[in-house]
Amino acid sequence: METRLTKHLRLLIVAAVLLLTGACTAAPGRLRTQSRTIELGGAESARVELLMGAGVLTVGGGAIDLMEADFTYNVARWEPEVSYEVNGSQGELLVRQPEAREIGRLSGDYRYEWELSFREDVPLDMRIALGAGQSTLDLGELTLTAFDLDAGVGDCTVDLTG
C-alpha cells in the first residue's frame with residue numbers, strides 16, 4: 001500500500017512534469033457534449049481500456065449496447081478518442097483522452113468529464129488508467145472477468161458490491 005509521503009511525492013512529480021512539458025497555453029472554449037454508443041457486434045466478451053489523463057470519470061452499468069457514453073469537455077483538442085473492433089468472439093474497446101500536456105498551464109476553468117455505462121451481461125476484461133482527477137467506478141453489476149486500476153492523484157471510489 002502506498003504511503004502518504006509516496007502519494008505526495010507522486011503528486012509533486014506529476015505537477016512538475018505538467019508544468020515543464022509543452023510550451024502552449026490552452027484556454028477553455030465553449031462547452032461540448034458528445035454522446036457515443038458502441039454496439040457489441042458479433043463479440044461475446046470485450047476487453048475495455050479506459051485512459052484518462054485528467055478529469056472526472058464515472059463508470060457503471062445499465063447500457064443496452066456494449067457502451068453508452070457522454071463526454072463533456074471545453075478544450076476542443078481534448079475530444080475523446082474511441083475505437084472498437086471485434087477479433088473473433090472478443091471486442092476490443094479503447095477510450096482515451098488525447099495527450100493533454102497543457103493541463104498545468106490552462107487559463108480559466110476547464111471541464112473534462114466522461115460518463116460511461118456498460119452492458120451488464122457481457123464479460124469484460126477492464127483496465128482503467130487515471131492520471132489526476134475524480135472517479136466513481138460502480139462496477140458491482142458488471143460481469144468483470146479481470147479488472148486492473150492504475151490511479152494517479154485525486155479521489156477514486158470503487159464499488160464492487162453486487
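I began with Arg96, which in this predicted model forms a salt bridge with Glu81, the closest N and O atoms being 2.5 Å apart. Arg96 lies in strand β5 and Glu81 in strand β4 (residues 81-87), so the pair ties together parts that are 15 residues apart in sequence. I then looked up accessibility, and noted that Arg96 counts as partly exposed at 25%, while Glu81 is partly exposed at 35%.

Next I turned to Arg127, whose salt bridge with Asp148 has its closest N and O atoms 3.8 Å apart. This pair links distant parts of the chain, with Arg127 in strand β7 (residues 123-138) and Asp148 in strand β8 (residues 143-159), 21 residues apart. Arg127 is partly exposed at 31% relative accessibility, and Asp148 is partly exposed at 42%.

Within it, Arg47 and Glu92 form a salt bridge with their closest N and O atoms 3.4 Å apart, and the pair links strand β2 (residues 45-61) to strand β5 across 45 residues. The count for the model comes to seven salt bridges.

Last, I checked confidence: the protein chain averages a pLDDT of 85, with 78% of the residues scoring at least 70. Confidence is highest in strand β5 (residues 90-96), at a mean of 98, and lowest in helix α1 (residues 4-20), at 46. Over residues 11-24 the pLDDT is below 50, and this stretch has 15 contacts in the model beyond near neighbours in sequence.

How values were computed:
Residues are numbered from 1 along each chain as its sequence is written. This is a predicted model: local features need pLDDT of at least 70, side-chain atom pairs count only at pLDDT 80 or more; totals for chains, interfaces and linings use all residues. Side-chain values use heavy atoms; hydrogens and water are left out. pLDDT is the predictor's confidence in each residue, from 0 to 100. Helices (H or I, at least four residues) and strands (E, at least two) are DSSP runs, numbered from the N terminus. Contact means heavy atoms within 4.5 Å. A salt bridge is a side-chain nitrogen of Lys or Arg within 4 Å of a carboxyl oxygen of Asp or Glu. Buried means under 20% relative accessible area, exposed over 50%, partly exposed in between (1.4 Å probe, protein chains only).
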